[in-house]
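Student: I would like to go through the labels attached to this model and see what each one rests on. Where shall we start?

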Amino acid sequence: QVQLVESGGGLVQAGGSLRLSCAASGRTFSSYAMGWFRQAPGKEREFVAAISRSAASIYYTDAVKGRFTISRVNAKNTVYLQMNSLKPEDTAVYYCAASVRDIATVRRGYDYWGQGTQVTVSS
């Protein structure tokens, strides 16, 4: 089992940047694919980005391609989401998730979830 703790959220103006971090407990972080999801008020939780165990495969939802970058440092048990050129529509609670699969881009593909961190982008 793995426990996930997100950090780095906050309030930023449109066009600004934030870097989210997700720290995982346990010694087997490298055996999990990792993903980021987000949920805006009144909306379903949606996929944002995913990275495979070795970082060989990376996927993004179209809405964030070219603006967000997912990365991981297995030695630090941490996955990151660098968010640039933020837009008001990026406002949401961002969740980190871990999957026992090679990689996953849907919510049901993930087995463990963090509590989320709020990102608010003002116009």
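Predicted model: local features only at pLDDT ≥ 70, side-chain atom pairs only at ≥ 80, totals over all residues.

Student: Why is the pair of F37 and F47 called edge-to-face?

Tutor: The ring centres of F37 and F47 are 5.7 Å apart, and rings pair if their centres lie within 6.5 Å. The planes stand at 75°, and over 60 degrees counts as edge-to-face, so the label holds. F37 belongs to strand 4 and F47 to strand 5, 10 residues apart, and the pair links distant parts of the chain. Both F37 and F47 are buried.

Student: What sits over the ring of W113?

Tutor: The charged end of R45 does, at 5.0 Å from the ring centre. R107 also lies over the face of W113, with 5.9 Å to the ring centre. The distance cut-off is within 6 Å, and both values meet it.

Student: How many aromatic pairs does the structure hold?

Tutor: Five. One of them joins Y32 and Y112, with 6.0 Å from centre to centre and 85° between the planes.

Student: What makes the pair of Y32 and Y112 a tie between separate parts of the sequence?

Tutor: Y32 is in the loop between strand 3 and strand 4, while Y112 is in strand 10, so the pair ties together parts that are 80 residues apart in sequence.

Student: How do you know whether Y32 is buried or exposed?

Tutor: Its relative accessible area is 7%. Buried means under 20%, so Y32 is buried. Y112 has 22% and is therefore partly exposed.

Student: Why is strand 3 described as largely enclosed by the rest of the structure?

Tutor: Because five of its seven residues are buried. Strand 3 pairs with strand 1 in the antiparallel sense over four bridges, and E6 stands opposite C22 of strand 3. Strand 3 is also joined to strand 8 by six bridges, again antiparallel, with L20 opposite L81.

Student: Which residues touch the most other members of the largest nonpolar core?

Tutor: M34, W36, V79, L81, M83 and Y94, out of 28 residues in that core. Strand 3 and strand 8 are among the elements that give two or more residues to this core. Another core, of six residues, lies apart from it and includes F37, A50, A97 and Y110.

Student: What makes D90 and R67 a salt bridge?

Tutor: Their side chains meet at 2.8 Å, N to O, and the cut-off is within 4 Å, so the contact qualifies. D90 lies in the loop between strand 8 and strand 9 and R67 in the loop between strand 6 and strand 7, so parts 23 residues apart in sequence are tied together. D90 has 1% relative accessibility and R67 has 10%, so both count as buried. Salt bridges that share partners join R38, E46, R67 and D90 into one network.

Student: How do you know that D102 and R53 form a salt bridge?

Tutor: The N to O distance is 3.5 Å, which is within the 4 Å limit. D102 lies in the loop between strand 9 and strand 10 and R53 in the loop between strand 5 and strand 6, so the pair ties together parts that are 49 residues apart in sequence. D102 has 55% relative accessibility and counts as exposed, whereas R53, at 30%, is partly exposed.

Definitions and conventions: Residues numbered from 1 in each chain as written. Heavy atoms only, no water. Core = buried A, V, L, I, M, F, W, Y, C linked by side-chain atoms within 4.5 Å. Buried < 20%, exposed > 50% of the residue type's maximum accessible area, 1.4 Å probe, protein only. Phe/Tyr/Trp six-rings, centres within 6.5 Å; stacked < 30°, edge-to-face > 60°. Lys NZ or Arg CZ within 6 Å of the ring centre and 35° of its normal. Pairing = 2+ DSSP bridges.
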